[in-house]
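Visitor: Please take a close look at one part for me: the ligand and the space around it.

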Amino acid sequence: MTKPGKLIIFSAPSGAGKTTIVRHLLEKFPEMEFSISATTRQPRGEEMNGKDYYFISKEEFLHLIAKKQFVEFEEVYSGTFYGTLRTEIERIWQNGKAVIFDIDVEGGLHLKRKYEAQALAIFVQPPSLEVLIERLKGRGTDSEEKLNERFIKAEKELNYAPQFDMILKNYDLETACLEAEVLVSNFLKE
Ligand code: 5GP
């Protein structure tokens, strides 16, 4: 039985593989539930509203900020906001589950500072910046301008790794998923 009020944070530069790892963990651990963030960006590919994100307008986002509905939020890319809704965490805790986050590096550290020992903050480390850039290009879902913005941000974010509780190397996805399982399982048992 998992103690109530736990949070597991996966942060990394975009393209490091955290979304894949988080999806894998969600299949393995029914005692966890994904924190669906709100964002003002457009859905990509197969993404669905209310599953991957709550896709909302900038007006709605600003309104939610004014109503203090976010535990944390950020303008992750210029003009594009992402945020964790207070109601989302409460809803998941009320279901008796631990909350798992796929969130950018600053947002992850913000949550860790706020929830301290209740939270396990994991930084997913790609093999190198070059590999990360290749992965991002390979997704083929972003414009050249958006991609450049992601590269610049990723380079900065790699420096934050030591501030996390754990660094999970994602040099090989299968190994990273297995290692993530061990980290999460130990934390849920605490
Ligand atoms: P993407 O557009 O690739 O889905 O996400 C861009 C970045 O925003 C990723 O690093 C993702 O983890 C992060 N992100 C997603 N939701 C949130 C959130 O609620 N807050 C913050 N600070 N970042 C988020």
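Guide: Start with the shell. Of the 18 residues around the ligand, S37, R41, Y53, E72 and Y82 come nearest. A residue counts as near if one of its heavy atoms lies within 4 Å of the molecule. This is a predicted model: local features need pLDDT of at least 70, side-chain atom pairs count only at pLDDT 80 or more, and totals for chains, interfaces and linings use all residues. Residues are numbered from 1 along each chain as its sequence is written, and side-chain values use heavy atoms, with hydrogens and water left out.

By class, the shell holds six nonpolar, four polar and eight charged residues. Here Ala, Val, Leu, Ile, Met, Phe, Trp, Tyr, Cys and Pro are nonpolar, Asp, Glu, Lys and Arg are charged, and the others, Gly among them, are polar. Strand 5 (70-77), strand 6 (80-85) and strand 7 (98-103) each supply at least two shell residues. Strand 5 gives the most, with four. Strands are DSSP runs of E, at least two residues, and helices are runs of H or I, at least four, numbered from the N terminus.

Now the polar contacts, pairs of N or O atoms within 3.5 Å. A polar side-chain atom of Y53 lies 2.5 Å from a ligand oxygen. For K18, the distance from a side-chain N or O atom to a ligand oxygen is 3.1 Å. For T84, it is 3.3 Å. Taken alone, the ligand exposes 510 Å², and the protein buries 96% of that (Shrake-Rupley, 1.4 Å probe).

The ligand sits in the largest pocket, with more than half of its atoms within 2 Å of the pocket's grid points. A pocket is an open set on a 1 Å grid over the protein atoms alone, where a 1.4 Å probe fits, with protein on both sides within 12 Å along at least five of seven lines; lining residues have an atom within 4 Å of a point. About 990 Å³ of space lies in this pocket, counted as the space filled by probe spheres set on the points. Its lining has 38 residues, and T19, R44, E47, Y53 and D102 are closest to its centre. Helix 1 gives the most to that lining, with six residues.

Conventions
Polar contact = N/O pair within 3.5 Å; in protein donor to acceptor, adjacent residues only side chain to side chain.
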